[in-house]
Amino acid sequence: MSKDYPKLAKDILDNVGGAENVEFVMNCATRLRFTLKDINKANTEVIKGMKDVIDVIIMNGQYQVCIGPDVIDVRKEVEKLGNFTKDEQPSNKDQKPMDKFFGVVSGIFTPIVPVLMAAGMVGALLTVLDLTHILPANSSTYYVWNLIKEAGFYFLPFYVAYTASQKLGANPFLSMLLAGVLLHPQLSDFSSLGVENLTFFGIGIKAVHYNNTILPVILSVWLLSYVEKFFTKICPQIIRAFAVPMLSTLIVVPVMLIVIGPAGAIVADYMASFVLFLGDKLGFIAVGIIAALTPIMIATGTHSFAFPVIVTTLATLGYEALLVPAMLAENLAMAGAAFAVGLKSKDADVKAQANAATLSACLGISEPAMYGITLPRKTPFVAACIASGIGGIIAGLFKVRFYAIASASFVGLPATIGDGSINGMIFALVTIVVSFVSAVAITFVTYKDNK
């Protein structure tokens with residue numbers, strides 16, 4: 001795309017109703033996500049017609065402008081034009097409950113993806129370096145780099161606490177204080193306190209390791225948001241500055257340790273068990289079904305549920321063998337479908353767009369291929385769904401697993417290495433080839449180019 005980000009940002013902002021119509025703006029890997037005061041003020045057709053805009057999706061109460069990998073640069077320019085990154089929760093009273101849910105999930109996890117990507121990919125790289133004896137696991141250099149992976153996942157409650165506070169309307173630093181309580185070393189090792197069991201007014205507190213967890217801190221921040229509002233309302237102005245934080249934490253922390261924390265840990269265990277159940281009962285078919293449905297979930301915005309499940313499963317089992325392998329098949333199937341459209345098209349611009357979208361999907365970002373190439377032409381999108389299902393079946397048959405948070409693409413292949421073997425990477429490569437080739441073949445046979 002062109003590098004005139006300021007102009008593109010201004011054009012988009014003008015056509016979403018101006019800065020005064022924007023309550024909040026953020027971005028994911030490819031989309032500029034607006035929360036608008038009045039979505040009817042947005043001039044969608046004009047925005048869709050902009051040269052560097054792939055598509056506009058109105059989903060989950062958000063006005064999403066799909067731009068591609070350059071979205072971060074565009075978002076920065078948009079932010080310069082107005083103060084949209086405020087801490088308070090954007091108004092969503094007119095949203096449907098399901099839209100609110102997906103909006104909150106997306107808002108919590110999208111900002112921490114870079115942390116998890118960094119930690120996951122560093123861990124995968126270190127695995128490769130150790131297997132190839134370039135950098136043994138017992139070396140001090142390995143240890144230093146391994147701290148990136150360990151800190152990325154061990155302190156996950158801190159990152160989630162902050163982003164959850166932004167979406168749920170709680171004080172961000174009190175929210176991180178809750179994460180600090182959960183991660184305090186004495187909480188999981190009562191012996192250091194000289195007691196066998198930790199109690200609160202006679203009520204037992206279960207010893208739980210909360211590192212890597214996400215659900216307990218999200219639920220605790222949600223409770224904090226209501227408790228804070230309650231004490232802010234009833235406390236006199238003269239004591240509010242210290243009384244609200246003190247009283248809020250005195251109430252929330254015991255509830256968190258006695259009820260929310262253990263319950264959240266149990267739910268996380270059940271989520272991981274459910275993933276194992278699907279794998280045991282449906283086997284490779286489970287991965288194929290999810291892979292075939294993944295393009296539809298992305299197109300409708302209902303794929304937001306996947307990330308917390310992936311993180312929870314990784315933290316509990318040490319690997320993820322259902323959702324990420326399905327996403328790997330989807331990305332490469334979408335790449336293959338876009339590639340086939342480029343091959344069949346007689347339009348030079350379409351060929352260039354298809355080739356760029358193919359590369360993007362091969363690197364783990366399939367939206368440009370989906371919204372710019374396959375979905376508008378319908379047949380290639382259906383072909384991608386079918387090929388994704390085929391690739392998912394292959395991934396399920398070979399039991400492809402991801403041992404770290406990584407891009408479901410060529411870039412993330414090192415994350416498939418586990419148990420001291422490179423077989424996982426080989427099987428992931430087979431999944432990539434089958435997904436891509438199947439999509440190319442099905443699209444080439446079924447799609448008729450029409451300028």
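At what angle do the axes of α1 and α3 cross, and within what distance do they come? In this predicted model, the two axes come within 8 Å and cross at roughly 65°, where axes are lines fitted to C-alpha atoms, for helices over the stretch in contact, and angles run from 0 to 180 degrees between N-to-C directions. The contact is made by Y5, P6, L8, A9, I12 and L13 on the α1 side and by D73, V74, E77 and V78 on the α3 side, contact being defined as heavy atoms within 4.5 Å. The crossing of α1 past α3 is right-handed; a crossing is given this name if the near helix is turned clockwise from the far one by less than a right angle, and is left-handed if anticlockwise.

Residues are numbered from 1 along each chain as its sequence is written. Because the model is predicted, local features need pLDDT of at least 70 and side-chain atom pairs count only at pLDDT 80 or more, whereas totals for chains, interfaces and linings use all residues, and side-chain values use heavy atoms, with hydrogens and water left out.

The chain contains 17 helices and six strands, assigned as DSSP runs (helices H or I, at least four residues; strands E, at least two) and numbered from the N terminus. Of its 451 residues, 49% are buried; buried means under 20% relative accessible area, exposed over 50%, and partly exposed in between (1.4 Å probe, protein chains only). Among contacts between residues at least 6 apart in sequence, 72% join residues at least 24 apart. The chain exposes about 21000 Å², of which carbon and sulfur atoms supply 65%; accessible areas come from the Shrake-Rupley method with a 1.4 Å probe, and for residues only the protein chains shown count as cover.

Five salt bridges are found in the whole structure, each being a side-chain nitrogen of Lys or Arg within 4 Å of a carboxyl oxygen of Asp or Glu. One of them joins the side chains of K7 and D11, with an N to O distance of 2.8 Å. K7 and D11 are four residues apart in helix α1 (residues 5–15), and are therefore separated by about one helical turn. Both K7, at 48% relative accessibility, and D11, at 24%, are partly exposed.

Helix α3 (residues 71–80) holds R75 and E79, four residues apart and separated by about one helical turn. These residues form a salt bridge in which the closest N and O atoms are 2.9 Å apart. R75 is buried at 19% relative accessible area, while E79 is partly exposed at 25%. In α3, E77 and K80 are three residues apart, again about one helical turn, and their salt bridge has its closest N and O atoms 3.3 Å apart. E77 is buried at 18%, whereas K80 is exposed at 64%. E77 is also among the α3 residues that make the contact with α1.

P69 lies in the loop between β4 (62–66) and α3 and is exposed, with a relative accessible area of 53%. P69 and E367 are 298 residues apart in sequence, yet their C-alpha atoms are 9.8 Å apart in space.

A nonpolar surface patch is formed by I238, I239, F242, M246, L250, I251, V255 and V259, with about 750 Å² of accessible area together. Patches consist of residues with over 30% relative accessible area and no salt bridge, like charges being joined within 9 Å and nonpolar side chains (Val, Leu, Ile, Met, Phe, Trp, Tyr) within 5 Å.
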